[in-house]
Amino acid sequence: MSKESSSFFEKKEPKKLLLEGLRGKCRLGPPAGERNRHKPRKPTSKSFLLPRARRIFFKKEVLAFLLVFLPSLAFAQLVQRDGVTLTQAQETRAENIGDQLRCLVCQNESIEGSSASLAHQLRVIIRQHVVAGDSDQAIMAFMVQRYGIFVLLKPPFSPLTFLLYASPFLALALGFGAFFLARKSTPPPPPPLTESDRARLEKLTES
Amino acid sequence: MTTRRNLLYAAPLAAVALAGAGFYTILRRMQSNDYDPHALPSPLIGKRPPPFTLPGTNGQQGFSNTDLLSPPRPMLVNWFASWCGPCAQEAANLDILAQNGLTIWGIAYQDSPAATAAYLSQYGNPYTRLAADASGLTAINWGVYGVPETYLIDKAGIVRWRWAGALTDQVLMGTLGPMLHQYA
């Protein structure tokens, strides 16, 4: 037992050494002795830019350009999907809508995930509607109007889908019903023994 | 007491037997081709087709939704494509229907005019009017999700029935025939 455990530690020893070695090599920054050699110099200017660069940076024209250009960067992240050009935010919205719609050709895939040509066309339509500024509900309604509620991967609660949503609760109710019926059907405990019964029992156990 | 207990034991068996009977019926009907579990109910039923105008192809006249407002007799609009296998399967039945006086208008879905012409010369042309939906966008407005699809339009221009898939003999006898009688 002790031998085994010692061998276990022996095996671990080189690994430990290796880890320490690595730690020494991978340490960030210079070794302790050199650590203070590159102290940050005292700043010669309070600005983060050199005086010459500062002069150019603060020119009116440059400032005006940046004023126009920088905000447009937020919208400039255009992506192209299925031949439609739209911003990243619009694409995310379109993907979210497409994920909730069923591809009618493959029927168990979403429009977003399907490679069917109809799914591709519907992706294009979704993106065109998103770019045109239609709401998610309007785009969903567009699809339901053409393909019925089957196009929705999550069916809405309606008289048609009532049983679908109610079935877990119905099953639970049925289970409880069966349970109570089964409990009722267990026979009640037998009545206590009468005097004559006891005498008979005594007689039987005696022999 | 015991009868109730027996009843409890019989309940699961009865449920299984009922499910079995259900599966049997569904499979039987699937086999005889008058039930398709993938078929969707069309939201167009009970309504007029959405606005559209499609050009003719194969030298035939195209049509628009206004041409379907009040046909003299119930008629069919058949979506097909030369590249579609089940379309060729139902072509013979469409020819028979046309020869028996049923008006059928065709819409070639995402098809080139040359391919449509070649297909019609091979399988026969049952269409009195023939339009081309090259982009497939009109099809989306109709709720078409594959070809072939056949729509029955009554004398008031209202869509009464939609069949997605080939018009087999069983469909003609079992469904289309009675529908045509009903809306004649």
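Guide: Just after H5(A), Gly133(A) takes a positive phi of about 90°. Before going on, note that this is a predicted model, where local features need pLDDT of at least 70, side-chain atom pairs count only at pLDDT 80 or more, and totals for chains, interfaces and linings use all residues. Residues are numbered from 1 along each chain as its sequence is written, and chains are lettered from A and ligands numbered from 1 in the order in which they are written.

Visitor: How many helices and strands are in chain A?
Guide: Eight helices and two strands. Helices (H or I, at least four residues) and strands (E, at least two) are DSSP runs, numbered from the N terminus. The order from the N terminus is α-α-α-β-β-α-α-α-α-α.

Visitor: What share of chain A is buried?
Guide: Of its 207 residues, 11%. Buried means 20 or more other C-beta atoms within 10 Å of the residue's own; exposed means 12 or fewer, partly exposed is in between, and C-beta atoms are placed from the backbone.

Visitor: Back to H5(A). What is its span?
Guide: H5(A) has 15 residues and reaches 21 Å from first C-alpha to last, close to the 21 Å expected at 1.5 Å a residue. The expected span is 1.5 Å times one less than the number of residues.

Visitor: Which of its residues are buried?
Guide: In H5(A), they are Leu118(A), Ala119(A), Leu122(A), Arg123(A), Ile125(A), Ile126(A), Arg127(A) and Val130(A).

Visitor: And what do the buried residues of H5(A) pack against?
Guide: In chain A, strand E1 (78-81), strand E2 (84-87), helix H4 (88-99) and H6; in chain B, helix H4 (137-142).

Visitor: How many residues does each chain put into the contact?
Guide: Chain A gives 16 residues and chain B gives 14 residues. Contact here means C-beta atoms, placed from the backbone, within 7 Å. Helix H5 (117-131), helix H6 (136-147) and helix H7 (162-184) of chain A each supply at least two residues of the chain A side. By class, that side has 10 nonpolar, five polar and one charged residues. Ala, Val, Leu, Ile, Met, Phe, Trp, Tyr, Cys and Pro count as nonpolar, Asp, Glu, Lys and Arg as charged, the others, Gly among them, as polar.

Visitor: New topic. Which residues have the most contacts inside the largest nonpolar core?
Guide: Ile126(A), Trp79(B), Phe80(B), Ala108(B) and Tyr109(B), in a core of 50 residues. H5(A) brings the largest share, six residues. Such a core is a set of buried Ala, Val, Leu, Ile, Met, Phe, Trp, Tyr and Cys residues joined through C-beta atoms within 7 Å.

Visitor: What's the strand order in the five-strand sheet?
Guide: E5-E4-E3-E6-E7 in chain B, an open sheet with mixed pairing. Strand E5 (129-133) and strand E7 (159-164) of chain B are the edges, each pairing on one side only. Strands pair if DSSP finds at least two bridges between them.

Visitor: How many bridges join E4 to E5(B)?
Guide: Five, between E5(B) and strand E4 (residues 103-109) of chain B, running parallel. Ala108(B) has Ala132(B) as bridge partner, and Ile107(B) has Ala131(B).

Visitor: Why call E5(B) largely enclosed?
Guide: Because four of its five residues are buried.

Visitor: Last one. Where is Pro74(B)?
Guide: In the loop between strand E2 (63-64) and strand E3 (75-80) of chain B. Pro74(B) is buried, with 21 other C-beta atoms within 10 Å. Its C-alpha is 9.7 Å from that of Val159(B), 85 residues apart along the chain.

How values were computed: Contact = placed C-beta atoms within 7 Å.
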